[in-house]
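Subject: Handover of a structure model and notes on its features

Dear colleague,

Please find below the structure that I am passing on to you. My notes follow it, and I would be grateful if you would read them alongside the model.

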Amino acid sequence: MQTRRNFLQNAAKATLGIAVSGSILQDIASAKATELHAATLKFSQVKLPFSYAALEPNIDALTMEIHYTKHHMAYINAVNEAILAENIKEASEEQLLANISKYSPKARNNAGGAWNHNFFWESLSDKPSQPSEKLLTMINKTFGSLDKFKEQFAAAATSRFGSGWAWLLLDDSGNLKISSTPNQDNPLMDVAEVKGIPILGLDVWEHAYYLHYQNKRADYIKNWWNIVNWKKVNERLA
């Protein structure tokens, strides 16, 4: 027969067991939440590989500072908000872009803006560089010469109505192509008219040049060639 003392001891043990079990379950749930949060795709801003003033007179310091700290950072914050709000589970930034038609305009515009600008900063340099022999051979074969390539690329950038980007990309066959995209779209997106792997990109949104060049987009494009990071373009091709 169970005594009052035994009953109280058993009850205390049971209560302790429930408390311990509850604590363990809470720990497991917390660990799962941490694991899920860690696995959630999150865009981040690359460190600018030069000072704001390093590209002058081709791009002025104030434009670089505003472009990097305000415009680009806004895209980073907004796409990360969209990822959480829409419970996006893509494995990488590029996978998200490849499936972007599945998601909201907010996700599309800001994923593009975040990715494109990281790509753009790394496409610029204050140190002179040249296309590699491999790239130059491909350019000559496809466009006739480096100068003719620049003319065609500049034409695509200049003729892009409103805001957008111009791209040099590799298509599925490994051939070079020039394209332009509206807004913050890029060739990695499943909505792009011309799809491929970008190796060079130029931002022709007015915020990229208007403080210095006003409405003279063609002058901005002409001077941009002086600061192209061909070393990075060569790496992307390889």
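The notes below go from the overall fold to individual residues.

Please bear in mind throughout that this is a predicted model.

Overall architecture

The chain contains nine helices and three strands. Along the sequence, these elements follow the order α-α-α-α-α-α-β-β-β-α-α-α. Of the 238 residues, 42% count as buried. Among contacts in the chain with a separation of 6 or more, 68% are between residues 24 or more positions apart.

The nonpolar core

The largest nonpolar core has 61 residues, and the members that touch the most others are Phe43, Phe149 and Trp224. This core lies between domain 1 (59-121) and domain 2 (131-235), because both domains give residues to it. As a general point, nonpolar side chains in soluble globular proteins tend to be buried together.

Helix 8 and tryptophan 224

Which residues of helix 8 (residues 217-224) are buried? They are Arg217, Tyr220, Ile221 and Trp224. Viewed down the helix axis, these buried residues fall within an arc of 95°, and they therefore line one face of helix 8. The elements that cover them include helix 4 (105-122), helix 6 (146-159), strand 3 (197-203) and helix 7 (210-213).

Tryptophan 224 deserves a separate entry. Setting aside neighbours within four places in sequence, tryptophan 224 is in contact with Phe120, Leu124, Phe153, Leu200, Gly201 and Leu202.

Aromatic pairs and clusters

There are 17 aromatic pairs in the structure. In one of them, the ring centres of phenylalanine 143 and phenylalanine 149 are 5.3 Å apart and the planes stand at 45°, so this pair is tilted. Phenylalanine 143 counts as buried at 10% relative accessibility, and phenylalanine 149 is buried with a relative accessible area of 0%.

Another pair, phenylalanine 153 with tryptophan 224, is stacked, with 5.6 Å centre to centre and 10° between the planes. This pair links distant parts of the chain: phenylalanine 153 belongs to helix 6 and tryptophan 224 to helix 8, 71 residues apart. Both phenylalanine 153 and tryptophan 224 are buried.

One aromatic cluster is formed by Tyr52, Tyr68, Trp115, Phe119, Phe120, Trp121, Trp165 and Trp167. Over the ring of phenylalanine 119, a member of this cluster, sits the charged end of arginine 236, 3.6 Å from the ring centre.

Backbone features in loops

Most residues other than glycine have a negative phi, and most peptide bonds are trans.

- The peptide bond from glutamate 56 to proline 57 is cis, with omega near 5°. Proline 57 is in the loop between helix 1 (4-39) and helix 2 (61-85).
- Asparagine 183, which is not a glycine, has a positive phi near 55°. Asparagine 183 is in the loop between strand 2 (176-182) and strand 3, and counts as partly exposed at 40% relative accessibility.
- Glutamine 214 also has a positive phi, of about 50°, although it is not a glycine. The loop between helix 7 and helix 8 holds glutamine 214, which counts as partly exposed at 36% relative accessibility.

Two further residues

Beyond residues within four places in sequence, histidine 72 is in contact with Gln45, His67, Gly113, Ala114, His117, Asn118 and Trp121. One of these contacts, Trp121, also belongs to the aromatic cluster described above.

Isoleucine 197 is found in strand 3 and is partly exposed, with a relative accessible area of 48%. Not counting residues up to four places away in sequence, isoleucine 197 touches Leu168, Leu169, Leu170 and Leu188. Isoleucine 197 and leucine 168 are 29 residues apart in sequence, and their C-alpha atoms are 8.5 Å apart in space.

Yours sincerely

Key: Residues numbered from 1 in each chain as written. Predicted model: local features only at pLDDT ≥ 70, side-chain atom pairs only at ≥ 80, totals over all residues. Heavy atoms only, no water. Buried < 20%, exposed > 50% of the residue type's maximum accessible area, 1.4 Å probe, protein only. Helix = DSSP H or I, 4+ residues; strand = E, 2+ residues; numbered from the N terminus. Arc of directions from axis to C-beta. Contact = heavy atoms within 4.5 Å. Phe/Tyr/Trp six-rings, centres within 6.5 Å; stacked < 30°, edge-to-face > 60°. Lys NZ or Arg CZ within 6 Å of the ring centre and 35° of its normal. Core = buried A, V, L, I, M, F, W, Y, C linked by side-chain atoms within 4.5 Å. Domains from an automatic or database assignment.
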